[in-house]
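Dear colleague,

Please find below the structure that I am handing over to you.

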Amino acid sequence: MSEADAPDVLVLRRGTHGMPVEQYADAIRERLPDRSVELARTPAAEREAIRSATFATGMRLERDLLESADALEVFACAYAGTGHLPLEELEERGVAVTNASGVHGPNIGEHVLGAILGFVRRFHVGRRRQDRREWRHYQAHELQGSTVTIVGLGAIGEAVAERLEPFGVETIGVRYTPEKGGPTDEVIGFEGEGFDDALARTDYLVLACPLTETTRGLIDREALVTIDPEAVLVNVARGPVVDTDALVAALRSNRLRGAALDVTDPEPLPEDHPLWTFENVQITPHNAGHTPEYYERLADIVAENVRRHANGDDALENQVRP
């Protein structure tokens, strides 16, 4: 394919959440009716089309495919996280990288709220009694007046805080730069005693942060000793943010009321792993990110960046690497 025949947007063949990638390409076409959008449906088609493409988008960009990307200027990653990309090679080639930050806000915010309310009203207990056809009352909790700590105040953390507002809770936000403030009643950093003090006051701990050197193993044995034994952990971040062995130990010794885990370490969780056996652990298979609106929201970001790129604007939305 010659440079003159290159598409304005190249969509790579891998989809996500079980949704056909054709839907993603169509959503971009709807927003850019005057531009060419090509979907490469085979490995050979990807290798051929990326030789002359200046703007490509997809879930992944493998190193061997990148080696063929002679003209690539922008890669729009269709995930919020970009740690799986060959970022150093992209930077060496001068390829700008954007991500899907913000796409997951509403759905993951709802997932977290549902998980919290499930533990508040102890629906898992009710479900077990229903399965046994057992009409027997049990005690529940009340969310109002609780303290919810949200680790990570990006788009997802903000969405969680926004959805908690009507429930009359106190919220603590944790971020790298607390001086920026945020949508929570209180904002603290990871350093010093502030985080430990927050854990000691927390009734519901929501992890919505990226996996970094700071957050890897953040919820370790010491953290799980510090947190109130009646607290509930909700993890929609990444599995390694929590020390799995420490979590299992805390659950076995009743030092945690429960956990809602959308991510685990290891992942997928092996069939014989002890986390499957706890009645007070809710496990979902990294599913909080699923939404039927995923491609639509993502296409909004990508289409806007195609316009900016075409106009020579270096300030791209969600740009993570220049």
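E296 counts as partly exposed, at 29% relative accessibility; here buried means under 20% relative accessible area, exposed means over 50%, and partly exposed is in between, with a 1.4 Å probe and protein chains only. The side chain of E296 meets that of R31 in a salt bridge, at 2.7 Å from N to O. The term salt bridge stands for a side-chain nitrogen of Lys or Arg within 4 Å of a carboxyl oxygen of Asp or Glu. Because E296 lies in helix α11 and R31 in helix α1, this pair ties together parts that are 265 residues apart in sequence. Helices (H or I, at least four residues) and strands (E, at least two) are DSSP runs, numbered from the N terminus.

Please note that this is a predicted model, in which local features need pLDDT of at least 70 and side-chain atom pairs count only at pLDDT 80 or more, while totals for chains, interfaces and linings use all residues. Residues are numbered from 1 along each chain as its sequence is written, and side-chain values use heavy atoms, with hydrogens and water left out.

The count of salt bridges comes to 16. Among them is the bridge between R136 and E134, at 2.5 Å from N to O. R136 is partly exposed at 45% relative accessibility, and E134 is partly exposed with a relative accessible area of 26%. Another joins the side chains of E304 and R307, at 3.5 Å from N to O. Both of these residues lie in helix α11, three residues apart, which is about one turn of the helix. In general, an α-helix has 3.6 residues a turn, so residues three or four places apart point the same way. E304 is partly exposed, with a relative accessible area of 27%, as is R307, at 31% relative accessibility. Salt bridges that share partners also join E30, R31, E296 and D300 into one network.

Helix α1 spans residues 21-31, and its buried residues are V21, Y24, A25, A27 and I28. Seen down the axis of α1, these residues fall within an arc of 160°, so they line one face of the helix; the arc is that of the directions from the helix axis to the C-beta atoms. The buried residues of α1 pack against β1 (9-11), β2 (37-39), β3 (55-58) and α11 (294-310), where contact means heavy atoms within 4.5 Å.

The structure also holds four aromatic pairs. Rings of Phe, Tyr and Trp (its six-membered ring) pair if their centres lie within 6.5 Å; planes under 30 degrees apart count as stacked, over 60 as edge-to-face and the rest as tilted. F190 and F195 form a tilted pair, 6.3 Å centre to centre with 40° between the planes, and both residues are buried. The rings of Y294 and Y295 have their centres 6.0 Å apart and their planes at 80°, so this pair is edge-to-face.

Finally, the count of disulfides comes to zero, a disulfide being a pair of cysteine sulfur atoms within 2.5 Å. The sulfur of C209 is 18 Å from the closest cysteine sulfur, in C77, which is too far for a bond. C77 is buried, with a relative accessible area of 1%, and C209 is buried with a relative accessible area of 7%.

Yours sincerely
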